[in-house]
Amino acid sequence: MSRKFSCKLAFHTLLFVLLALAVLVDVQAQMGIVVGINGHQMVEVNLESGELLPMRELEGLPAGAELRNLVYIPRDTAFYSTMNAHDHPELIKIRTTGTWERVGHFETNNQKVHFCEGLTYDEANDLLYLSASLDGDIEQDQNAEAILTVNRNNARCKMVATLRQNPPPDDFDEIAMFQGRLFGLDGLPDRNTTYIYPFSPAQFDGRELFAGTKQNIPYFTMDDVVVIGQLLYFPDHTTQGWYYFDLLARRWHQVGRLHGPASIGPIKITGLAYLPLEQV
């Protein structure tokens, strides 16, 4: 073996090792668990099988109160969720121990937040986003047409964008951040379609948005979503199916069905969040 070839082989071997280490570091950086809200309890969700494991009881929640949405913010070492999303909704803060506190009812300076649907966190800009309806004067309003930023200390909100177009999508049923963009989801059961459409936060200056670029998947009765890597995971509470949508390949796939021990009771996942292992 020539010295030149030997050096070249050693260089390529070193390059392979460095790339492998980089991949390993990236994988380790993404290690964590997915936490779900099921009734008045927190559960761990196995991404590969849909199995649910009990974690924490959320003791002291008002009788009949429903939590919807869940995000985890590492710098706060806390989860955030919405309570009673369709009846004077409010923001609550949850610790990993299961203790929780009311932050406040969602309010804006000059418009009432009538109901809310999606909740997500933009880590790059340290902003908590809420999709909600400010159209209280519209009879039988069912659209969360507005994107709001939420102050995590008092639940005060600022409207930063609206979505209005005909034909739909014209609604933010769910929202999620991926690669610096906010993805909205609008499910239309009469079309058996869920639209998925992205926006840049640079557009959130109070303007009216138009969902020009969009993908679509079948209609699912989802109550929250979570992004892991490039996959957007979601449950269907009608069938208990557990799915993901690949945000890059633009394909959806059923992983399996949600299931768990009898101790967790009836299954209806209404919140999903990613929790880094170092903060479990």
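**View 1. The side chain of T193 meets the backbone of R191.** A polar atom of the T193 side chain lies 2.9 Å from the backbone oxygen of R191. This is a polar contact (a pair of N or O atoms within 3.5 Å; within protein, one must be able to donate a hydrogen and the other to accept it, and residues adjacent in sequence count only if both atoms are side-chain atoms). The model is predicted: local features need pLDDT of at least 70, side-chain atom pairs count only at pLDDT 80 or more, and totals for chains, interfaces and linings use all residues. Residues are numbered from 1 along each chain as its sequence is written, and side-chain values use heavy atoms, with hydrogens and water left out. T193 lies in strand β14. Helices (H or I, at least four residues) and strands (E, at least two) are DSSP runs, numbered from the N terminus. T193 counts as buried because its relative accessibility is 10%. The classes are buried (under 20% relative accessible area), exposed (over 50%) and partly exposed (in between), with a 1.4 Å probe and protein chains only. Leaving aside neighbours within four places in sequence, T193 is in contact with D186, G187, L188, N216, I217, P218 and Y219. Contact means heavy atoms within 4.5 Å.

View 2. Strand β12 (residues 174-178) runs antiparallel to β13, and 5 bridges join them. Two strands pair if DSSP finds at least two bridges between them. M177 has L182 of β13 as its bridge partner. The hairpin of β12 and β13 leaves 2 residues between the strands, and Q179 in the turn has a positive phi of about 50°. β13 is also joined to strand β14 (residues 193-199), by 7 bridges, again antiparallel. There, G187 stands opposite T194. This second hairpin has 4 residues between its strands, with N192 at a positive phi near 50°. Is β13 enclosed or open to the outside? Strand β13 (residues 181-188) is largely enclosed by the rest of the structure, because 7 of its 8 residues are buried.

**View 3. L247 sits in a loop and is buried.** L247 is found between β19 (241-246) and β20 (251-257). At 8% relative accessibility, L247 counts as buried. Which residues does L247 touch, not counting those up to four places away in sequence? They are F178, F183, V227, Q230 and L232. Of these, Q230 is 17 residues from L247 in sequence, yet the two C-alpha atoms are 5.6 Å apart.

**View 4. Five strands form an open sheet.** The order is β8-β9-β10-β11-β15, with mixed pairing. The edge strands, β8 (115-122) and β15 (208-209), each pair on one side only. Within the sheet, strand β9 (residues 127-133) runs antiparallel to strand β10 (residues 146-150) over 5 bridges. L130 faces L148 of β10 across this pairing. In a regular strand, side chains alternate between the two faces of the sheet. D126 is in the loop between β8 and β9. D126 is not a glycine, yet its phi is positive, about 50°. With 27% relative accessibility, D126 counts as partly exposed.

**View 5. β2 and β3 form a hairpin.** Strand β2 (residues 41-45) pairs with strand β3 (residues 52-57) in the antiparallel sense, over 5 bridges. E44 stands opposite L53. Between the strands are 6 residues, and G50 has a positive phi near 80°.

View 6. The bond from N166 to P167 is cis, with omega near 5°. P167 belongs to the loop between β11 (157-163) and β12. A cis bond also joins P168 and P169, with omega about 20°. P169 is found in the loop between β11 and β12.

**View 7. M31, L277 and V280 make a nonpolar surface patch.** The patch covers about 270 Å². M31 is in the loop between α1 (3-29) and β1 (32-38). M31 counts as partly exposed, at 42% relative accessibility.

**View 8. H88 has a positive phi.** The angle is about 50°, although H88 is not a glycine. H88 lies in the loop between β5 (78-83) and β6 (90-94). At 41% relative accessibility, H88 counts as partly exposed.

View 9. Of its 280 residues, 49% count as buried.

Key. Patches are made of residues with over 30% relative accessible area and no salt bridge: like charges are joined within 9 Å, nonpolar side chains (Val, Leu, Ile, Met, Phe, Trp, Tyr) within 5 Å. Accessible areas come from the Shrake-Rupley method with a 1.4 Å probe; for residues, only the protein chains shown count as cover. A salt bridge is a side-chain nitrogen of Lys or Arg within 4 Å of a carboxyl oxygen of Asp or Glu.
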